[in-house]
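Please walk through the model shown here.

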Amino acid sequence: MILVTGGAGYIGSHTVLELLNDNYKVLVLDNLSNASVESLQRVEQISGRKLTFVQGDIRDEAGLHELFSAYPIEAVIHFAGLKAVGESVEKPTEYYDVNVNGSLCLVRAMQKAGVSKLVFSSSATVYGEEAPAPYKESMPRGTTTNPYGTSKAMVEQILTDIHAASKNTANPLDVTLLRYFNPIGAHESGLIGEDPQGIPNNLMPYISQVAVGRLPELSVFGDDYETSDGSGVRDYIHVVDLAKGHLAALNKMFSNKEAECAIYNLGSGKGTSVFELVHAFEHENGVKIPYKVAPRRAGDLATCYAAVDKAAKELNWRTEKTIKDMVRDTWRWQSNNPNGYKK
Ligand code: NAD
Ligand code: UD1
């Protein structure tokens, strides 16, 4: 059985679906602070399989101990956390508590229960601004510019240290740090997708909420970057490809002879600009996205994309879906569910 923390959320729900499709038994732990159980009911509907859901907090160590005693957990995929960059600047205490302290509680409970395999949701943000794209896993982590990014870098370091310290013990921690680039899109059924609370911070949900009429127009943050058309370039990855990357990581861990602390980028390796994404959305879906050019957003880089050879070689995984798939699947989800999971 695989424990998926934060499994009711955007990336978690898509990963739970792929795990069920691959015949894994799944236990989801989520406190529903940024999700609804509706996503999991739909995952069961799509897969035709049942999962186990426990509502709880990763910081509740007693609750975690109970969970590890009650279920035959072989590995953990750890998505649970807070992820809004701007909010993390306002509420650093909460972000470090959930993301860093929560991860420590989880690892302690795993070690106590003798569970050694852990996949952690990290982010391309840990590369910082120093190095030029493409970002390679061999590059050192850079300077993070907000508590969210710092919390991801801290957990990477903590897990690296715990792996090193436990290496020669009876229960070494086997860790995979997955650095996501920009996950977008939705499952092709249109039944599960991204459902941000309030006004979205990220580009794709903003575009789709403009398309559905919830927001009047998009602000393009800067058209004077040194990129092909002046707008920011990012490595967008379809959330279903991303979910499959977790299965590839898990399968590799199950075949590892020795515990490792491995790092993989999960990205497409291709850069797409803001204007290119907007135009692809308009063209593929036949809808107009009104936009205006606004000043640059603080902390944004011109260009960010992944080096993808390591994941291809060692995980035998690469992205399969295109930008067209991403904008089409986003729109199917958003137009079928204009208010997300709320009826
Ligand atoms: P999400 O908010 O949809 O999912 C996170 C889930 O964790 C939610 O269901 C939430 O209810 C749950 N949760 C939050 N705090 C919890 C706690 N204390 N105990 C138990 N559950 C808790 O976010 P997502 O986009 O699916 O992201 C999943 C993970 O991937 C996060 O760790 C995020 O930082 C990381 N990540 C996301 C992106 C992205 O662009 N979406 C990029 C890089 C990394
Ligand atoms: C952002 C976070 C990053 C986090 C990631 C996933 C910042 C600075 N970075 O990445 O730490 O890991 O989300 O949650 O917040 N854009 C617009 N208009 C919008 C929104 C975005 O033009 O309304 C542009 C941005 O300037 C950028 C691109 O679209 O060029 C993508 O932005 P976004 O989706 O927020 O992702 P990142 O900035 O890459």
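**Around ligand 2**

A polar backbone atom of Phe 221 sits 2.8 Å from an oxygen atom of ligand 2. That is a polar contact (a pair of N or O atoms within 3.5 Å). The protein covers 88% of the 740 Å² of accessible area that ligand 2 has on its own; such areas come from the Shrake-Rupley method with a 1.4 Å probe.

This is a predicted model, where local features need pLDDT of at least 70, side-chain atom pairs count only at pLDDT 80 or more, and totals for chains, interfaces and linings use all residues. Residues are numbered from 1 along each chain as written, ligands are numbered from 1 in the order written, and side-chain values use heavy atoms, without hydrogens or water.

Ser 219 also reaches ligand 2: one of its backbone N or O atoms lies 2.7 Å from a ligand nitrogen atom. The side chain of Thr 125 places an N or O atom 3.5 Å from a ligand oxygen.

Which element gives the largest share of the shell around ligand 2? Strand 8 does, with four residues. Strands are DSSP runs of E, at least two residues; helices are runs of H or I, at least four. The shell divides into nine nonpolar, eight polar and three charged residues.

The whole structure has zero disulfides (cysteine sulfur pairs within 2.5 Å).

Definitions and conventions. A polar contact is a pair of N or O atoms within 3.5 Å; within protein, one must be able to donate a hydrogen and the other to accept it, and residues adjacent in sequence count only if both atoms are side-chain atoms. Ala, Val, Leu, Ile, Met, Phe, Trp, Tyr, Cys and Pro count as nonpolar, Asp, Glu, Lys and Arg as charged, and the others, Gly among them, as polar.
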